[in-house]
Amino acid sequence: MVLKLSDTQVEKILYHQEIGRLGCYANDLVYVVPINYAYDGCYVYAHTYDSLKIDIMRINPNVCFEVDTMHNTSNWQSVTAWGEFEELTDEEERNMGLQILMKRMLPAITCETVKMSYYSSFPPSGPNEIKGIVFRLRLTMKYGRHEMKEPALFSTSNVVSGIFN
């Protein structure tokens, strides 16, 4: 049975996951992409470079964000949130966003969009050395669902062997 998650469960999932899916829409194009993120209880923070998602969100800042945990097809949790894209161009806000991301991502295996995690703090020349775009999603509505079922009383191998015996 699929049930609703409590507000506390929704927040816990948002805090503990590191990868979510960002959905955005503009000019008759729907785009969904996975992103690394950090959540502070109000905003989802992310770092990227010029890309299709940024182009779309600059046109239409209304977004959807989804995270999930999946143990198997009968045991999962999913949170969907809606909100608004905000590009952090103010130096103080951008630095704050980078600090939140670094605190969450370290120590993480890095990729091109989370390269700032090479640093345990800002590089000697300051946070402006970290290139790219820092943005946040102000979450305005959140909704979660889950399904938890007991493990099956039989194994797949028992079923397969029973068919062929």
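Is Lys 142 buried, partly exposed or exposed, and what is its relative accessible area? In this predicted model, in which local features need pLDDT of at least 70, side-chain atom pairs count only at pLDDT 80 or more, and totals for chains, interfaces and linings use all residues, Lys 142 is partly exposed, with a relative accessible area of 30%; buried denotes under 20% relative accessible area, exposed over 50%, and partly exposed the range in between (1.4 Å probe, protein chains only). Residues are numbered from 1 along each chain as its sequence is written, and side-chain values use heavy atoms, with hydrogens and water left out.

The protein contains four helices and eight strands, taken as DSSP runs numbered from the N terminus (helices H or I, at least four residues; strands E, at least two), and from the N terminus on these elements follow the order β-α-β-β-β-β-α-β-β-α-β-α. Of the 165 residues, 38% are buried. Among contacts (heavy atoms within 4.5 Å) with a separation of 6 or more, 71% are made by residues 24 or more positions apart.

Helix H1 (residues 7-16) has Val 10, Ile 13 and Leu 14 as buried residues. Seen down the axis of H1, these buried residues fall within an arc of 100°, so they line one face of the helix, the arc being that of the directions from the helix axis to the C-beta atoms. The cover over the buried residues of H1 includes strands E4 (38-39), E6 (62-72), E7 (75-87) and E8 (133-148), whereas the face turned away from the buried side carries the exposed residues Thr 8, Lys 12 and His 16.

The structure holds 11 salt bridges, each defined by a side-chain nitrogen of Lys or Arg within 4 Å of a carboxyl oxygen of Asp or Glu. In one of them, the side chains of Glu 11 and Lys 142 meet at 2.5 Å, N to O, and this pair links distant parts of the chain, with Glu 11 in helix H1 and Lys 142 in strand E8, 131 residues apart. A salt bridge is also formed by the side chains of Arg 21 and Glu 66 (3.0 Å, N to O); Arg 21 lies in strand E2 and Glu 66 in strand E6, so the pair ties together parts that are 45 residues apart in sequence. Arg 21 is partly exposed at 28% relative accessibility, while Glu 66 is buried at 16%.

Strand pairing, which requires that DSSP find at least two bridges between two strands, places E2 (residues 19-26) antiparallel to E3 over eight bridges and antiparallel to E6 over four bridges. Within the latter pairing, Arg 21 stands opposite Glu 66, and in E3 the bridge partner of Gly 20 is Ile 35. The hairpin of E2 and E3 has two residues between the strands, and Asn 27 there takes a positive phi near 50°. Val 32, in strand E3 (residues 29-36), is exposed at 55% relative accessibility.

Pro 61, in the loop between helix H2 (52-59) and E6, is partly exposed at 27% relative accessibility. Leaving aside residues up to four places away in sequence, Pro 61 touches Gly 83, Glu 84 and Phe 85.
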